[in-house]
Amino acid sequence: MNHSYSDVGAPREPDLPPYQVVLSETGWGSLHTAFGDGQDLPKVLTKLLEPDPKVQVSALSELGEMVSHQNSIYEATAPVATYVAGILAHPAATTPRPYRNVPIRAALLNWLGSTAYDASDEIVGRTEQYFPGFLAPGTIVASFRDLRPMLYRAVSPFLRDSHEDVREAAVIAALILAEHPTLADHRDHLAVHARAILDTSGDDPHRRRVARKALEAWGHEVPAPEPFLEEPWDWGPHSDGRGDLEPPF
């Protein structure tokens with residue numbers, strides 16, 4: 001993927017490739033997943049654009065098993081995340097989920113946020129303690145983390161989406177992606193959205209925790225945490241196995 005340049009010659013991050021290009025030009029069969037190679041991934045990814053929301057949600061659950069199983073990052077995770085980011089603006093992303101009246105776009109954003117969390121500073125910092133070199137340049141996780149600015153640009157248009165579920169899912173994904181140093185200039189803007197999460201997501205301690213930790217890491221004053229947020233359990237968006245990706249139908 002080529003870097004593009006501004007008028008003054010300063011390099012900037014590569015643009016998000018069209019999802020069709022990701023699908024057709026990725027050597028899926030040569031990439032490792034949780035259960036072998038990724039030769040079946042194109043078929044699963046294509047299902048995300050089906051008009052049937054049950055097929056879409058089931059496909060997203062399959063991706064969770066194949067490329068983010070046990071909260072891990074695999075070789076195929078990066079191109080899958082790039083594809084998912086590329087279809088956020090696709091008309092198929094507006095399909096309402098069965099019985100919930102929530103656009104599939106919210107589930108796509110939740111998946112991106114969950115996957116980004118698996119490669120977040122918090123998670124990889126713990127892993128580095130036991131596996132030095134885990135984040136060396138060129139490693140699978142390091143390469144995925146390099147995609148964060150590109151993924152952020154795909155997510156950010158939905159920070160003010162009219163649908164609350166889409167908006168909050170976009171905010172959480174953006175807060176995690178914005179750990180990348182090149183996105184530091186966006187953090188003050190994102191802090192406003194993080195505070196909105198603290199004000200409005202009272203029934204979702206997971207989202208509140210992400211918002212709180214982002215504000216604290218960026219030096220913003222935050223309210224004292226509620227007692228239940230002090231529980232020592234380890235949270236990640238995949239912690240319940242399926243979370244928002246489980247149908248039910």
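Gln56 sits in helix 3, residues 53-67. Helices (H or I, at least four residues) and strands (E, at least two) are DSSP runs, numbered from the N terminus. This is a predicted model; local features need pLDDT of at least 70, side-chain atom pairs count only at pLDDT 80 or more, and totals for chains, interfaces and linings use all residues. Residues are numbered from 1 along each chain as its sequence is written, and side-chain values use heavy atoms, with hydrogens and water left out.

**Whole chain**
- The chain has 11 helices and four strands.
- Of its 249 residues, 47% count as buried. Buried means under 20% relative accessible area, exposed over 50%, partly exposed in between (1.4 Å probe, protein chains only).

**Gln56**
- Gln56 is buried, at a relative accessible area of 1%.
- Its side chain reaches the backbone oxygen of Leu48 at 2.9 Å.
- Leaving aside neighbours within four places in sequence, Gln56 is in contact with residues including Lys47, Leu48, Ala92 and Ile104. Contact means heavy atoms within 4.5 Å.

- The largest nonpolar core has 70 residues; Leu48, Leu63, Val80, Leu108, Trp111, Val155 and Leu175 touch the most other members. Helix 9 (residues 164-177) gives the most to this core, with 10 residues.
- Such a core is a set of buried Ala, Val, Leu, Ile, Met, Phe, Trp, Tyr and Cys residues joined through side-chain atoms within 4.5 Å.
- Val155 touches Ala170, Ala173, Ala174 and Leu177, among others, not counting residues up to four places away in sequence.
- Helix 9 is mostly covered, with 11 of its 14 residues buried. Its buried residues pack against helix 5 (104-118), helix 8 (148-155), helix 10 (187-200) and helix 11 (205-217).

**Aromatic pair**
- A search of the whole structure finds one aromatic pair. Tyr19 and Tyr83 form it, edge-to-face, at 5.8 Å centre to centre with 90° between the planes. Tyr19 lies in helix 1 (residues 19-25) and Tyr83 in helix 4 (residues 77-86), so the pair ties together parts that are 64 residues apart in sequence.
- Rings of Phe, Tyr and Trp (its six-membered ring) pair if their centres lie within 6.5 Å; planes under 30 degrees apart count as stacked, over 60 as edge-to-face and the rest as tilted.
- Tyr19 is buried at 17% relative accessible area. Tyr83 is buried at 1%.

Note on methods
A polar contact is a pair of N or O atoms within 3.5 Å; within protein, one must be able to donate a hydrogen and the other to accept it, and residues adjacent in sequence count only if both atoms are side-chain atoms.
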